[in-house]
Amino acid sequence: MTEINLENHSPELEALCNEFRANNRISPENFELYQVKRGLRNPDGTGVMAGLTLICNVHGYLIADGELIPDVGKLTYRGIDLNDIVNGCTAENRFGFEEVAWLLLFGKQPTKSQLDNFREVLSSCRELPEYFAEDMIIKAPSKNVMNKLARSVLALYSYDGDPDNLSLENNMRQAIQLIARLPTIMTYAYQVKRRHFDKKSMYFHPLDPNQSTAESILNAIRPDRSFTDEEAKLLDICMLIHAEHGGGNNSTFTARVLSSTGTDIYSAISAAIGSLKGPRHGGANHRVMTMMNGLMEGVKDWKDEEEVSDYLERILRKKVPDHSGLIYGIGHAVYTLSDPRAVILKKQACKLAEKRGMKDQFDLFERVEQLAPEVFAKVTGKPKVMCANVDFYSGLVYEMLGIPSDLYTPMFAVSRIAGWCAHRIEEMETCGRIMRPAYRSLSKSIPYVPIDQRN
Ligand SMILES: CC(=O)SCCNC(=O)CCNC(=O)[C@H](O)C(C)(C)COP(=O)(O)OP(=O)(O)OC[C@H]1O[C@@H](n2cnc3c(N)ncnc32)[C@H](O)[C@@H]1OP(=O)(O)O
Ligand SMILES: O=C([O-])CC(=O)C(=O)O
């Protein structure tokens with residue numbers, strides 16, 4: 001008997017893959033033929049309507065006479081414009097992430113005393129269960145912090161005295177604890193990754209209960225624990241604009257799909273983290289920076305639009321690593337003319353770049369944002385209104401804030417957990433039916449062949 005060598009590119013593995021290729025072709029025309037909504041998208045690109053929500057609205061286009069008309073993007077949390085939340089918190093010079101988490105979970109802006117109370121509860125829940133860090137994080141390091149977040153969230157099930165109780169009260173307790181603990185898990189996982197894989201020092205600074213979530217993250221990742229109020233407030237803005245994006249984004253939908261089965265919160269949230277890690281979703285913020293670093297090296301004159309366009313064309317033609325053919329940070333399933341979060345981040349990135357002497361880098365990002373749609377149209381022959389999405393400028397802001405690249409996508413997760421929890425609870429409290437779409441089968445009936453008659 002030949003042993004199967006499972007090493008990458010081994011002839012045996014290649015033979016197995018060829019077996020798969022020979023028996024698993026579905027031609028793209030079949031999607032149209034059977035009216036299957038590839039990617040759960042209608043023929044005009046809009047999403048298939050899969051649910052009702054009170055939590056958020058994502059507006060990116062208008063429909064007039066059955067035609068999709070591109071529009072300026074608008075994002076509202078519980079009916080309130082995201083820009084107004086950011087401007088309100090900035091004008092009052094206070095942190096906003098905790099307030100947004102309350103708004104998303106409970107449906108109304110908190111009063112001052114409700115907010116003070118909620119902040120205290122969150123900070124009292126930040127510590128991890130006894131021996132959790134030792135057993136789940138330090139003893140089993142992961143190269144990837146998102147992977148460690150997902151595994152840790154799943155492991156929290158075993159530390160919960162009542163993990164499968166689906167009452168609103170229990171879901172709410174678990175949600176609040178998860179929102180508070182995920183940043184702690186993230187910073188511990190990062191320290192362990194640094195020590196184990198990067199051979200650098202690892203430090204676990206004590207938590208300070210008086211700090212906001214953004215401050216506690218900076219406290220945990222800076223070797224000397226120092227940061228300015230301005231830096232913490234900017235990180236807080238980054239967190240609140242990533243906190244929620246409707247029920248249809250892939251990770252939130254994942255959390256809702258799992259929740260619709262009646263599974264526990266830890267299973268649903270760890271699956272959502274796995275979804276967010278993907279480079280077409282939250283993982284794009286990390287890929288944007290890798291892509292831009294490649295572009296900075298590959299383009300001699302950053303101001304030369306032709307040279308930048310040529311490089312973007314090479315990306316789309318899959319000639320540049322990672323050979324995905326994607327210009328990361330550009331395009332969106334809903335937004336057309338603009339993603340309001342990218343607009344906010346761009347403004348912050350520009351301000352910070354001027355201060356940090358990184359204006360040339362910022363200008364190059366802006367050039368890519370402007371050129372990408374026309375290069376896309378040239379290469380695909382399909383003109384498309386596309387804009388920078390939330391992931392385009394976030395990595396640049398994080399880099400200028402001294403946040404390590406290992407934490408770009410995890411920062412998204414520790415923010416979005418507020419939205420995931422709100423949607424899980426909404427799914428369980430207001431829907432109550434298992435999600436179960438259909439797949440059209442293209443297989444034909446064939447007879448079973450006894451093993452000694454097969455060739
Ligand atoms: C937090 C977030 O998730 S924000 C999004 C983060 N992701 C990225 O930045 C990755 C780059 N962008 C993309 O891949 C896409 O624009 C997505 C995933 C965001 C949206 O994808 P879709 O909803 O399928 O976009 P849309 O319907 O406009 O796409 C039409 C076609 O253009 C392609 N396309 C869209 N954007 C890009 C891009 N930036 N680079 C290359 N091709 C693109 C799509 O892959 C799709 O190709 P297909 O017809 O061969 O399947
Ligand atoms: O809505 C989407 O498809 C992706 C997105 O921007 C998000 O989840 O923030």
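Predicted model: local features only at pLDDT ≥ 70, side-chain atom pairs only at ≥ 80, totals over all residues.
Biologist: Hi! Which domains is the chain divided into?

Modeller: There are two entries to look for: domain 1 covers 73-280 + 417-430, and domain 2 covers 284-400.

Biologist: What separation do the centres of domain 1 and domain 2 have?

Modeller: Taken over C-alpha atoms, their centres are separated by 28 Å.

Biologist: And how many residues of each are in contact?

Modeller: In domain 1, 13 residues are in contact with 13 residues of domain 2.

Biologist: Which elements give two or more residues on the domain 1 side?

Modeller: Look for strand S2 (67-77), helix H3 (82-91) and helix H10 (229-242). Of these, H10 gives the most to the side that touches domain 2, with 5 residues.

Biologist: Nice. What kinds of residues make up that side of domain 1?

Modeller: They divide into 8 nonpolar, 3 polar and 2 charged.

Biologist: Switching topic to helices H4 and H5. At what angle do their axes cross?

Modeller: The axes of H4 (residues 97-106) and H5 (residues 112-124) cross at roughly 105 degrees, and they come within 10 Å.

Biologist: Which residues make the contact?

Modeller: H4 brings Glu 98, Glu 99 and Trp 102, while H5 brings Gln 114, Leu 115, Phe 118, Arg 119 and Leu 122.

Biologist: How do those divide into nonpolar, polar and charged?

Modeller: The contact of H4 with H5 has 4 nonpolar, 1 polar and 3 charged residues.

Key: Residues numbered from 1 in each chain as written. Chains lettered and ligands numbered in written order. Axes fitted to C-alpha atoms, helices over the stretch in contact; angles between N-to-C directions. Helix = DSSP H or I, 4+ residues; strand = E, 2+ residues; numbered from the N terminus. Contact = placed C-beta atoms within 7 Å. Nonpolar A, V, L, I, M, F, W, Y, C, P; charged D, E, K, R; others polar. Domains from an automatic or database assignment.
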